Amino acid sequence: MATGRTHRPATRSRGIPEATVARLPLYLRALTALSERSVPTVSSEELAAAAGVNSAKLRKDFSYLGSYGTRGVGYDVEYLVYQISRELGLTQDWPVVIVGIGNLGAALANYGGFASRGFRVAALIDADPEMAGRPVAGMPVQHTDELEKIIEDNGVSIGVIATPAGAAQQVSERLIAAGVTSILNFAPTVLTVPDGVDVRKVDLSIELQILAFHEQRKAGEGAAAEAAAAAAAQPVARASAASRKGPDGDVPAVMPT
């Protein structure tokens with residue numbers, strides 16, 4: 001089986017836009033769920049809804065793959081799973097190292113989705129000498145002193161950084177110097193890397209802050225709607241009170257029958 005150091009995915013050479021590449025995993029997730037339910041074909045509308053995109057965008061994305069479906073039938077689910085997996089490079093073995101085995105790093109090590117999607121965790125690495133040899137997710141943690149040798153021995157080209165922010169830049173530099181060309185960064189900091197190195201940043205606090213913004217906006221809109229409704233109700237209340245006034249302008253205690 002080919003490794004990540006000897007074979008790169010074909011998406012860039014085929015001229016597939018980055019926005020399309022970013023949506024391919026969404027399609028693959030939806031298609032995998034259909035495949036597990038033994039669904040043979042799916043329409044562009046059904047698949048787009050499952051992936052959370054519009055059907056016109058989906059058809060455009062698939063045209064870059066050379067897949068146009070069959071009129072009146074739709075797309076063959078199993079073939080699309082294979083086709084997208086091939087484009088993403090998931091039909092081969094991608095050895096990955098995780099650096100920083102704290103709470104987050106340990107959680108990533110225990111995540112079962114890596115292996116099922118073509119990623120093999122080759123090593124768990126931490127700078128704490130007390131962590132060395134400790135089993136996490138069935139693997140012994142190795143010290144950062146061994147980082148370069150681990151990368152070379154396992155042909156690693158993808159590194160996952162789950163260290164504190166202060167250590168992330170130095171770790172990335174060591175990974176890159178050892179031959180890693182793609183980094184998934186969970187540390188809450190921006191990495192400076194040379195050309196030819198791809199970095200994907202995952203910052204959970206930023207995602208929560210964005211959700212907080214939307215919650216605040218929804219709360220503000222709700223309060224504004226309530227204020228508008230209350231303001232609209234005031235003239236109605238005044239008109240109702242005026243209609244109940246007696247000849248002398250007072251509101252009678254008992255309305256006449």
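Trainee: What share of the protein chain's contacts with a separation of 6 or more comes from residues 24 or more positions apart?
Mentor: Residues 24 or more positions apart account for 57% of those contacts, where a contact means heavy atoms within 4.5 Å.

Trainee: Before I go on, what kind of model is this?
Mentor: This is a predicted model, in which local features need a pLDDT of at least 70 and side-chain atom pairs count only at pLDDT 80 or more, while totals for chains, interfaces and linings use all residues. Residues are numbered from 1 along each chain as its sequence is written, and side-chain values use heavy atoms, with hydrogens and water left out.

Trainee: What's the average pLDDT of the protein chain?
Mentor: The average is 86, and 86% of the residues score at least 70; pLDDT is the predictor's confidence in each residue, from 0 to 100. Over residues 1-13, however, the pLDDT is below 50, although this stretch has 35 contacts in the model beyond near neighbours in sequence. Residues 253-257 also stay under 50, and for them the model has one contact beyond four places in sequence. Where pLDDT is low, the predicted coordinates should not be read in detail.

Trainee: OK, new topic: how many helices and strands are there?
Mentor: The protein chain has nine helices and nine strands, taken as DSSP runs numbered from the N terminus (helices are H or I with at least four residues, strands are E with at least two).

Trainee: And which residues touch the most other members of the largest nonpolar core?
Mentor: Of its 23 residues, those are Tyr27, Leu31, Val42, Leu47, Leu58, Phe62 and Ile84. Such a core is a set of buried Ala, Val, Leu, Ile, Met, Phe, Trp, Tyr and Cys residues joined through side-chain atoms within 4.5 Å, and buried means under 20% relative accessible area, exposed over 50%, and partly exposed in between (1.4 Å probe, protein chains only). The elements giving two or more residues to this core are helices H1 (18-36), H2 (44-51), H3 (55-64) and H4 (77-87), with H1 giving the most, seven residues.

Trainee: Switching to the open sheet, what's the strand order?
Mentor: The seven strands run S5-S6-S4-S3-S7-S8-S9, with mixed pairing; two strands pair if DSSP finds at least two bridges between them. Strands S5 (135-136) and S9 (198-201) stand at the edges with a single partner strand each, so one side of each is left without a neighbour in the sheet.

Trainee: How many bridges join S3 to S4?
Mentor: Six bridges join S3 (residues 94-99) to S4 (residues 119-126), and the two strands run parallel. Among the partners, Pro95 is bridged to Arg120 in S4.

Trainee: Which strands does helix H8 touch?
Mentor: Helix H8 (residues 165-177) packs on the sheet and touches S3, S7 (158-161) and S8 (182-185), its direction making about 170° with that of S7. The axes are lines fitted to C-alpha atoms, for helices over the stretch in contact, and angles run from 0 to 180 degrees between N-to-C directions.

Trainee: Last one: where is Ser38 found?
Mentor: Ser38 is found in the loop between H1 and strand S1 (41-42), and its phi is near 60°, a positive value in a residue other than glycine. At 65% relative accessibility, Ser38 counts as exposed.
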